[in-house]
Amino acid sequence: MYSGGFYPYKTLEKHWGYWCRYIYINRYMDAPKPVYQNLYDLVKEKDYFVLTTNVDHCFQKAGFAKNRIFYTQGDYGLFQCSEPCHKKTYDNEETIKKMVLSQGFRIKDGELQKTEDGEIKLTVPTGLIPYCPRCGKPMSMNLRSDQTFVEDEGWHQAAERYEKFIQDHKKQKIVFLELGVGYNTPGIIKYPFWQMTNTFQHAFYVCLNQGEAYASAEITRKSVYMNEDIGEILKEL
Ligand SMILES: [Zn+2]
């Protein structure tokens with residue numbers, strides 16, 4: 001689904017025909033496994049903060065406090081101006097639901113179902129295409145893929161809270177728990193975690209990643225890494 005998001009659809013009707021289902025499934029349907037809930041149970045009594053490049057809202061849905069999460073790369077639940085002419089984001093739930101319903105689905109218990117007679121369409125009606133309320137250009141997803149990404153007020157507040165959390169805890173015992181971070185954008189979580197573990201006296205680094213668990217040589221004595229399924233490890237913990 002992620003790769004399909006980069007396809008240059010020739011019309012906005014086709015573009016949103018793909019994106020509405022992609023967003024609905026990943027943002028508005030429940031995750032298939034209780035991985036996030038298990039993680040939340042582990043940290044909810046602790047002074048935690050979540051830094052994530054995920055955009056699917058799963059942390060909030062599992063109960064993590066909104067003011068303890070920094071979504072660096074956006075959210076499938078938000079539109080923005082594609083230009084962008086202003087730095088504001090817009091909740092898209094209502095529009096996305098209308099789009100998938102227009103394609104011949106119905107929504108039952110949060111899941112998408114085909115209707116008996118319905119043929120599934122791959123487009124959305126022209127009238128449902130979202131446009132910027134200020135400049136009239138098409139809306140786009142609030143996802144960081146190029147320089148048009150809108151960092152709105154909520155984004156900046158979360159960035160400040162994360163920075164403050166690090167400053168407040170850098171001299172204390174702190175665990176950098178890294179879950180499933182690959183080498184797509186290592187500069188956001190992985191490398192800063194290595195550097196802070198190396199610099200902060202009482203820091204420890206834990207890396208859980210099936211297939212890519214690793215810690216840099218400088219922090220060998222302050223780290224542990226496991227090449228296993230994150231869901232399985234959290235269950236054991
Ligand atoms: Zn605009």
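The model is predicted, so local features need pLDDT of at least 70 and side-chain atom pairs count only at pLDDT 80 or more, whereas totals for chains, interfaces and linings use all residues. Residues are numbered from 1 along each chain as its sequence is written, and side-chain values use heavy atoms, with hydrogens and water left out.

View 1. Two or more residues of the patch come from each of strand 8 (174-179) and strand 10 (223-226); strands are DSSP runs (E, at least two residues) and helices are runs of H or I (at least four). M226 lies in strand 10 and is partly exposed, at 32% relative accessible area; partly exposed falls between buried (under 20%) and exposed (over 50%).

**View 2. Four cysteines coordinate the zinc ion.** The donors (N, O and S atoms within 2.8 Å of the metal) are the SG atoms of C81, C85, C132 and C135, at 2.3 to 2.4 Å. Their angles of 104 to 118° make the site tetrahedral, a term for four donors with all angles between 85 and 135 degrees. Along the chain, the donor spacing is C-x3-C-x46-C-x2-C. C81 lies in strand 3 (residues 74-81) and C132 in the loop between strand 6 (111-114) and strand 7 (139-143), so this pair ties together parts that are 51 residues apart in sequence. C81 is buried, with a relative accessible area of 0%, and C132 is buried at 5%.

**View 3. Ring pairs link Y7, Y9, Y18, W19, Y22 and Y76 into a cluster.** Rings of Phe, Tyr and Trp (its six-membered ring) pair if their centres lie within 6.5 Å. The structure holds 20 aromatic pairs. The ring centres of Y7 and Y9 are 4.9 Å apart with planes at 65°, so the pair is edge-to-face (planes over 60 degrees apart). Y9 is partly exposed, at 25% relative accessibility.

**View 4. Y24 and Y28 form a tilted ring pair.** Y24 and Y28 are four residues apart in helix 1 (residues 12-28), separated by about one helical turn. Both Y24 and Y28 are buried.

Technical notes:
Donors = N, O, S within 2.8 Å, 3.2 Å for Na, K, Ca; no water. Tetrahedral: all angles 85-135°; square planar, octahedral: opposite > 155°, others 65-115°. Buried < 20%, exposed > 50% of the residue type's maximum accessible area, 1.4 Å probe, protein only. Phe/Tyr/Trp six-rings, centres within 6.5 Å; stacked < 30°, edge-to-face > 60°.
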